[in-house]
Amino acid sequence: ACGGGETGEDDNGNQATEEEDRIYTIDDFNQVKTHEDGAEAIDGGVLNFGLVSDTAFEGTLNFNFYTGNPDVEIINWFDESLLAIDENYAYTQDGAATFEVDEDEGSMTFTIRDNVNWHDGEPVTAEDWLFSYEVIGHPDYDGIRYGSMFTIIEGMEAYNNEEADTISGIEVLDEKTLKITYDQFTPSLLASGVWAYAMPKHLFEDIPVADMSSHDLVRRNPVGMGPFKVDSIVPGESVTYVKNEDYWRGEPNLDGVTLRVVNPNVVVQSLRNGQIDLVNQFPADQYPENAEMSNVEFLASIDTAYTYIGFKLGTWDEEEREVVMDPDAKMADVELRRAMWHAVDNQTVGDRFYNGLRWNATTLIPPSHPDYHDETIEAPLYDVELANTILDEAGYEDVTGDGYREDPEGNELVINFASMSGGDTAEPLARYYIQSWDAIGLNVQLVEGRLMEFNNFYDRVEADDAAIDIYQGAWGVGSDVDPTGLYGRNAGFNYTRYASERNDELLAEGLSEEAFDESYRQDVYSEWQEYMVENIPAFPTLYRARLVAVNDRVQNYAVNFQAGHDIYRYELAVTQEDANAAE
Amino acid sequence: MWKFIVRRLLIALPQILLLSVLVFLMAQMMPGDALSGLIDPNIDPAAIEAQRERLGLNDPWHIQYVDWITGVVTEGDLGRSFRYKMDVTEIIGQRLTNTFWLSLVTLIFTYLIAIPLGITSGRYNDTFRDQMITGYTYVGFATPLFIFALVALWILGFQFGWFPTGGSVSPGLTPGTFEYFLSRLHHLILPALSMALITTVNTVQYLRSEIIDTKQKDFIITARAKGASESRVYNRHILRNSLLPIAAFFGFEITGLIGGTIFVETIYSYPGMGQLFVESINLRDYSVVTAVVLLLGIASILGALLSDIILSLVDPRIRIK
Amino acid sequence: MDNLQKELDNKINNIEKSPSGVSIIWREIMRDKLALISLVFLLLVTTLVYGVSIFLDLDEIVKIDLFAIHEPPSSDFWLGTDYGGRDVFGQLIIGTRNSLTIGFLVTLMTGLIGVTFGLTAGFFGGHIDNIMMRVLDFFIILPFLMIVIVFVSIVPNYSIISFSLIMTAFLWMGIARLIRSKALQERELDYAQASKTLGTPRWKIMFGQVLPNVSSLIIVTMTLNLAANIGLESGLSFLGFGFPEETPSLGTLLSYARNPQTLENRWWIWMPAAILIFLLMLSVRNVGEALKRATDARQRRG
Amino acid sequence: MDNKLLEIKNLKTSFRIKDDYYAAVDDVTLTVNKNEVLAIVGESGSGKSALAFSIMRLHNRAKIEGEVLFKENNIVELSPSKMNKLRGNDMAMIFQDPLTALNPLMTIEDQIGEALFLHNKKMSPKERRNKVIDLLNQVGIPRPDYTCDQFPHELSGGMRQRVMIAIAISNNPELLIADEPTTALDVTIQAQILDLIRDLKENMNAGIVLITHDLGVVAEMADRVAVMYAGEIVEIADVHTLFENPRHPYTRSLLNSVPSDGHEGKLHVIQGIVPSLKHLPRQGCRFSARMPWMDESVHEENPVLHEIAPGHHVRCTCHEHFYFPKESKEVQNDGIS
Amino acid sequence: MGFLDVEDLKVHFPIRGGLLNRKIDAVRAVDGVSFSIEQGKTYGLVGESGSGKTTTGRAVIGLNNITAGKVFFEGNDLTDKKNKMLDVRKDIQMIFQDPYSSLNPKKRVIDIVAEPLRNYERLTKKEERYKVAELLEKVGLSPESILKYPHEFSGGQRQRIGIARAIALKPKLIIADEPVSALDVSVQAQVLNFMKDIQKELNLTYLFISHDLGIVKHMCDEIGIMYKGRYVEEGKTGDIFTNPQHIYTKRLVAAIPDIDPKNREKQKQFREEVQREYEESYESYFNEEGLAYGLKKISDTHAVALPEKG
Ligand SMILES: Nc1ncnc2c1ncn2[C@@H]1O[C@H](COP(=O)(O)OP(=O)(O)OP(=O)(O)O)[C@@H](O)[C@H]1O
Ligand SMILES: Nc1ncnc2c1ncn2[C@@H]1O[C@H](COP(=O)(O)OP(=O)(O)OP(=O)(O)O)[C@@H](O)[C@H]1O
Ligand SMILES: [Mg+2]
Ligand SMILES: [Mg+2]
């Protein structure tokens, strides 16, 4: 079902040594666990889930309050979104709630199924859903969820400013029916743009909003509506779940799940000896040595993220809250940017550093959104000669004879490159890029001579630090394909500070009424991708695979439960009591 | 005695205050804050900025400091972790217990190893046994803790599978049960042992030279002249007098452990203060960083105080009236 | 008069100097085979590392080679390559040099500060000592590793120098305390008192009379500190608070072993560094112990 | 004489320095009788303590040859456990420095009590305490019950030395060896301690070996005197003979060098220093090196201890004809080779 | 004004304690001592351990801070801080008790002996060498020794190196704090003889501190007896030894062992007598605190601490 055809050329990459070099492609992997041995699933059993992380989990175990990734992995086992999605992250009617859209009125009406109950037996009601909006919109709310997803709801801002006691745009029609009216109704809403996580109001009601996030109900005894119930928590380390017999889709197969944090360093061993059946994410750099692990199957999906090189083209105007382009910016010449794209061999980087588990990226919409990623677009390819020619023609020539090109005015050109530390290959990768640009005569230097620590990096990139000309970053793309949040004129995260009228237009079109028509929307975003490849405010470097390892005894598992494989967590099963160890 | 302790505490107060300022300032100087890591297109940067304002992160440092220290002093409130959204006191509470047990078991191992080895080595100095033990101390000295811990984890944790490879307790056990206790112990042994094996070498050496020193003291000859047998001389006179400085070292040992836990907890994914510290530094959760450093600083002070008290209890020469 | 003078000169010039402290130390080391081997090893490594690194092209060593990632040792790469396709052997040489440099720098700087501080406090005693000891007490209670880590993450320009400075700032207390207590003892000794009655100014007594008497202690402590400092640096690098990779150190190479695949399958990256650290620390320790014996007449081996 | 308590025959005590043995006590033969104070005098380093330690067999690593007969036992060959029974019971010792000779971490009661306990396990703690108080009384400590619970550092030098004596006499030893018991003390206290020791001899009929380098103390205390030089006994005589008619040049030198009413002007000086163990002449008269004005024969001969009058033994070949130079001009390069 | 006059000298050391480590009491190490010394004479200071002898000597030479009282040297007030003292100080030197610790073990003899010269006189290397060699010859050591270290000398020799250092600046007064008590009898004699020799030669004045009455008797012209920081008796040597007046002095004299074994019994009896007297009349010699009273002159040269008789 997934795309990723762009990796097809992989094989022609490099000569004979492929066997030894162990280069893989995303196509080598299934997304759903296969059942080759034909073993029968048993009733019950406990699954051991490894949450791969080198830190303890925070333990803010509620969709409305969590911030980090480890926590959401924990929540997913016992709670779930009321709305289900397909592989393009568009809502379907298969979830705990169904919905109707009224485009004219700009509203959506949701109906929660009758048999959807909280773990304590209370039914999940429209009130509960409303309650989560009231909490997140509350001035005392200390989480980070309050954003555009909420502000577009009618009356939300008034409520947030304490001008209104209620949110005028949200109506509880009856016990199970909720209607939300939006100020702006965009196609994004249908692609995971609705906050679909209810909160058990009967439990939270009496807790002041400011205290909720540290309350026991969030920390120790969380209550959800998912297939499993939290049984016990060792803070930061592990959680045990038991099945929720009352789950609305049906009684889960497994008796329970044990989740524990597993350090990336010990993942392989833990999988090998069967201590854990399943990990949320297998460290890709350890894959080649362990590809043949006999007791597990590796699955993979395309990650909703890409890395990119961004060019600083302007600044952020805090007053106007918009991007201001600087025509004199060092990187203002698109030919220079194009040449730099041509200079890097991302295909080889992906093959060599990541054994093919990351691969050359072409556009700013990754193939994780298969309907929108346009694989036909021809992005600049690795071509040193072409890069040189482009630079020569654009007037970047080495007039001083020091081996580096000067700018067209003949001034020394030093491009300052910011890249962040952390991650396994950060260092050599940054070095590699510098080397590559060096090869076309560009003098690129790391800012301050070293990689920047994550926070420092974003602080400075965000502040448009003049010492930074280009930077290497990574974006996780949202479930909605709309890139306005990253590339819009008014987007604070538009770190390249690129804006153009055409860009504004295209982005607006993607959210226009017409865009409710999917093929129209696809065309718009194709055009946008193309436009960005032409103008290169940033160029994507690598797309990535998300790798998961699953023990042979596990059945009914898909890499991404949400993304429409018609396999759900409650169906998970095992074929024997204990996990297999590797031979 | 009480006077002495009170006086020591009085001296410690300005130290702690100064420490708190230093720690706080350092935390402020760290680039970024807990919110700068939130790069998520689904979140509005303005919301983050509002959050910052709400948390007072945009105030000048001294105002933030006064706020913070007032909280600490008046209600023992060390602030709130940005990451965990929880009172730092509570987070540290869990981690502190873990580190406490780790340290305790390490200390027990340290002395279990050091005392017999030190005694043997000191008593039979320059014999084969002594050379073996001295050899061990040399090797132990030259092996950085983290290398040793890493290798121990690999061999004993993975290759042999004798010990768990992470965490502080197996999931799903009820606190308070014997099984729970055993599981905790099981999780502790390897980290504690590897730390002890490396850090104990100093104590072994110290004890050895202390015994060799004491052996030559006049009062040992007196004891012999009284007709005391060799074993009595060792057990009643030499040992007692040699263990004294070791006892006094006890408090400082605590300070030393703090450094060790950073490595060991990181390597064994043991959720204690050391791991918390490294995590929090990386995530700029500086209310936690501040609190951890402050607490461990206080622990050092108390350790030193403890040393003094122990020394004054066991050594009549400096007994405090 | 002249005659007498001449005769005297003759006499004086004819006599041998008695062995000085240095030669006693030398003799002791020559006697202790292990220490001798260690010393030779240290000198060898030091000269080799500093000597060879002059001829090494750092840029070449840290150059990323996508087609040579994780090569096992071969004639091209004596110790194979790391995950950036960089030559491990070259990194080992440069890394050892950097680690040693830091070790030496920190040891020297802590020595300088510690000795001056300790000597001043101990020698003057009284209020000066009191105040200085409060300062020292404060530094001592700081959880060293943590504070250094915090500092390391603050400092914008992270280099060998700044790293050494940070380490120094929180490491001088041990030696200062040692020297102080020794100076406190020394100043009560009659020779220091005698100097006072002879009209020698205080600072001259401090540096001219007392210092030579604590010098052996200083040498021994600094030697042992050197080993500890090398270890510390690698520890910090291991935790990820070390240098950027273009400034390799032994700790950087070791930190690659945090990747379990490297630990298990690519020994050539970290093992040589581990062995080298081990040997360096062991040798420094051996020499240090020999020095200690040399300065303690009771323990001297003949 | 059945009065003999201790008989030492050709005792030789050697220490190992590097790979060689050097004798700190060489060919010592002497006897100690009951109810007698035998004083041993000599300069520092002459081997007095080494001799005392050999008698008590307290040396850690020394080679002891010869015979030390005490109560029909040859101490040199006695088994450790038997030795432990003798030590502190039948033979006891007082040390020079009373501060370092007491365990700083034990109360006075415990330290004296230990000596009692070791040789009489049957005593109850209560009895023991009473006995300790009794002993402290005996050695003249003013408030024994209070002192019992004190630690050594809380006592003055004189008190500590008394405690040492209390330890030594706790089991009524027959032989008491006092190694410079008063050197660290003031004269007034010295007098008291000496009185105490003298009382012991008389009350307990003990034999006492008193080691000192203070000839005044010898004159006041001793019944017989042995003079040691460089590990050898150079002269033994009863105290009156020795002071009136010293035969060995060394004895005479010693006596002359004490400032006393006798000589107003210059004191007598013995040239040179006691050679260190390693530099002991292995041949010839050991003392002759310090009489460079004498003719050669003196230096070469190997003198033996011989009796020149009843009870008066001298180790010298020239005791009849040696002389001191008129002008005792000092040798410039004394003692330094 | 005499040569050296000490007037009502007090040296108190603070005892600290309490919560804030404040001064709560003082050790009255020297508590009102007065004496004067004539040039060229030897003045002995005697007393049991802790009586304050050393402290007195160190106060005179300026090693201890003086709490109260005055010290005049040739009419100059040494306690007056404003006085340009350097030159006066140079005339007073000290010989220390322990010949082992008083010489810096890390220095060669030449550096040790030349130290005062370097402070006060500018000499060339050659002159300095010559001077040191000369001094060494004067104390009976070979000039060849100048490059040796102290540990290569015997105790007596070391003490002489100390003396060479003390006389390098041609001082007028030498404070000798138990200069021979660490030495063997035979070596003691050497040093004492030698001290007498150079006294004559250089017209030195000694403040001779000792607890050995025999030696004091041998060396000194005048003697002061100290007890708990105060004087109990002062007088010519003859006065003290033949006619001790204070019970403490008597006790001290009685305690000296007699070198002649024949006097043993006599000595013992004498001692017992004195002890009896001491016990009987203790109260008339010491005040309630057990300290001595002020000195009363009983002859031109002899003074005793006795209570004011009513
Ligand atoms: N354990 C030992 N090892 C080596 N040499 C020793 C040892 N004990 C004593 N000596 C040496 O033996 C010689 C005699 O020493 P001893 O202590 O018996 O002298 P002493 O007469 O008691 O002197 P003092 O009056 O200083 O106590 C000295 O040269 C000393 O250095
Ligand atoms: N620096 C000091 N601080 C405190 N007390 C001191 C100090 N120096 C000396 N004292 C005390 O002063 C008193 C006199 O000491 P001092 O050394 O003058 O006695 P002394 O007569 O020389 O004794 P000794 O014969 O033992 O040398 C003693 O009680 C001593 O403890
Ligand atoms: Mg002796
Ligand atoms: Mg004194």
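Which backbone N or O atom lies 3.2 Å from an oxygen atom of ligand 1? That one belongs to D:Ser46, and pairs like this count as polar contacts (N or O atoms within 3.5 Å). Taken alone, ligand 1 exposes 640 Å², and the protein buries 64% of that (Shrake-Rupley areas with a 1.4 Å probe).

Before going on, keep in mind that this is a predicted model, with local features needing pLDDT of at least 70 and side-chain atom pairs pLDDT 80 or more, while totals for chains, interfaces and linings use all residues. Residues are numbered from 1 along each chain, chains are lettered from A and ligands numbered from 1 as written, and side-chain values use heavy atoms, without hydrogens or water.

Around ligand 1 you'll find, among others, D:Phe15, D:Lys48, D:Glu180 and D:Leu277, where being near takes a heavy atom within 4 Å. The shell splits into four nonpolar, five polar and three charged residues, with Gly counted as polar. Helix H1 (residues 48-56) of chain D gives the largest share, three residues; helices here are DSSP runs (H or I) of at least four residues, strands (E) of at least two.

Now for some strands. In chain D, E11 (residues 305-309) runs antiparallel to E12 with four bridges; pairing takes at least two by DSSP. D:His306 sits opposite D:Val314 there.

Conventions. A polar contact is a pair of N or O atoms within 3.5 Å; within protein, one must be able to donate a hydrogen and the other to accept it, and residues adjacent in sequence count only if both atoms are side-chain atoms.
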